[in-house]
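This briefing goes through the fold of a single chain, topic by topic. Please keep the sequence and the model in view while reading.

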Amino acid sequence: MTVAPPSSRAAVGVLPLETLTRVECDEQLSALLWRAGAGWRMISSAVLGGGIGERSWVLNAQVSHGYSRTDPGDHLAGLAHDAGAQGPGVGLMTAADVLRHGHAVDGGVEAVVTAGLGVHGWAATPTPGTPAPPAPGTINIIVAVPAALTDAALVNAATTATEAKVQALLDSGYDCSGTPTDAICVAARTPRPGEEPEAFAGPRSLWGARLARAVHSAVCAAAAGRR
């Protein structure tokens, strides 16, 4: 796997990205890696490293449109290992070109979004569910908040980001709430000794408002790149 250094754009914020390239089944694929390091707590719906806890990196890997592996967690863990990522992390995947990502910063909150919108729709439909994981298309959202948040505020932040995503999709002309495989990762600083974490991250709280605007802008930029 080839690793490119962080871009000059990304290096100025709290979420510097490295671009990884690899060849699988004769197809060149890319990935974005954020080596967050120590001092971050994350909430994620990702197949690898999901839930709430200390995490030190986030990988957003492009996979082929005909992806058929049944061990996506192991696959992502292997890609992260090959890139030299250390410690526990979060792994997301998408069939979209991750190099065409959207990026936005608002008040110190930074968001990076990749958008695969070939299969999209509304969350509540009469279509029956399936126990099998759907093929990755996916809007993947990664957000870094340079403040400490409680567990409840992390959940609140993930909800706020999702609301901002839906707003951005509508503003971008998409009649949908997302795709069947959307995933999210919100990172916040680990509290320092004696520090009181922020208890709220809703859209009218200080950090929630910044997060909402950053995610909205990044989703709009990623969606525009799909036109």
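**The sheet and its setting**

An open sheet of 6 strands, ordered S5-S4-S11-S10-S9-S8, has mixed pairing, where two strands count as paired if DSSP finds at least two bridges between them. Strand S5 (51-54) and strand S8 (102-106) each have a single partner strand and stand at the edges, so one side of each is left without a neighbour in the sheet. From one strand to the next the twist averages 15°, with axes taken as lines fitted to C-alpha atoms, for helices over the stretch in contact, and angles running from 0 to 180 degrees between N-to-C directions.

The model is predicted, so local features need pLDDT of at least 70 and side-chain atom pairs count only at pLDDT 80 or more, while totals for chains, interfaces and linings use all residues. Residues are numbered from 1 along each chain as its sequence is written, and side-chain values use heavy atoms, with hydrogens and water left out.

**Overall make-up**

- The chain holds 4 helices and 11 strands, these being DSSP runs numbered from the N terminus (helices H or I of at least four residues, strands E of at least two).
- Of the 227 residues in the chain, 48% are buried; buried means under 20% relative accessible area, exposed over 50%, and partly exposed in between, with a 1.4 Å probe and protein chains only.
- Among contacts (heavy atoms within 4.5 Å) between residues at least 6 apart in sequence, 73% join residues at least 24 apart.

**Strand pairing**

- Strands of a sheet pair through backbone hydrogen bonds, either parallel or antiparallel.
- S9 and S10 are paired in the antiparallel sense over 6 bridges, and Val112 stands opposite Ile142 in S10.
- H3 packs on the sheet by touching strand S4 (40-44), S5, S10 and S11, and its direction makes about 135° with that of S11.
- H4 also packs on the sheet, where it touches S8, S9, S10 and S11, and its direction makes about 30° with that of S9.
- S4 and S5 run antiparallel and are joined by 4 bridges, with Met42 opposite Gly53 in S5.
- The hairpin of S4 and S5 has 6 residues between the strands, and within this hairpin Gly49 takes a positive phi near 75°.

**Nonpolar cores**

- The largest nonpolar core has 36 residues, and those with the most contacts inside it are Ile141, Val143, Val145, Val186, Leu211 and Val215; such a core is a set of buried Ala, Val, Leu, Ile, Met, Phe, Trp, Tyr and Cys residues joined through side-chain atoms within 4.5 Å.
- Two or more residues of this core come from each of strand S9 (109-115), strand S10 (139-148), helix H3 (151-171), strand S11 (183-189) and helix H4 (206-224), and H4 gives the largest share, 9 residues.
- Leaving aside neighbours within four places in sequence, Val186 is in contact with Arg41, Met42, Ile43, Val143, Val145, Leu154, Ala157, Ala158 and Leu211.
- Apart from this core lies another, of 18 residues, which includes Leu15, Trp40, Val58 and Leu92.

**The pair of helices H3 and H4**

- The axes of H3 and H4 come within 8 Å and cross at roughly 40°.
- Residues of H3, including Ala157, Ala161, Ala164 and Ala168, meet residues of H4, among them Leu211, Ala212, Val215 and Val219.
- The residues of this contact divide into 10 nonpolar, 4 polar and 2 charged, where Ala, Val, Leu, Ile, Met, Phe, Trp, Tyr, Cys and Pro count as nonpolar, Asp, Glu, Lys and Arg as charged, and the others, Gly among them, as polar.

**Individual residues**

- Cys25, in the loop between strand S2 (18-24) and strand S3 (27-34), has a positive phi of about 50° although it is not a glycine, and Cys25 is exposed at a relative accessible area of 79%.
- Asp26 lies in the loop between S2 and S3 and, though not a glycine, has a positive phi near 65°; Asp26 is exposed, with a relative accessible area of 80%.
- Glu54 belongs to strand S5 and is partly exposed at 42% relative accessibility.
- Glu54 and Thr190 are 136 residues apart in sequence and 8.0 Å apart in space, C-alpha to C-alpha.
- Neighbours within four places in sequence aside, Glu54 is in contact with Trp40, Arg41, Pro88 and Thr190.
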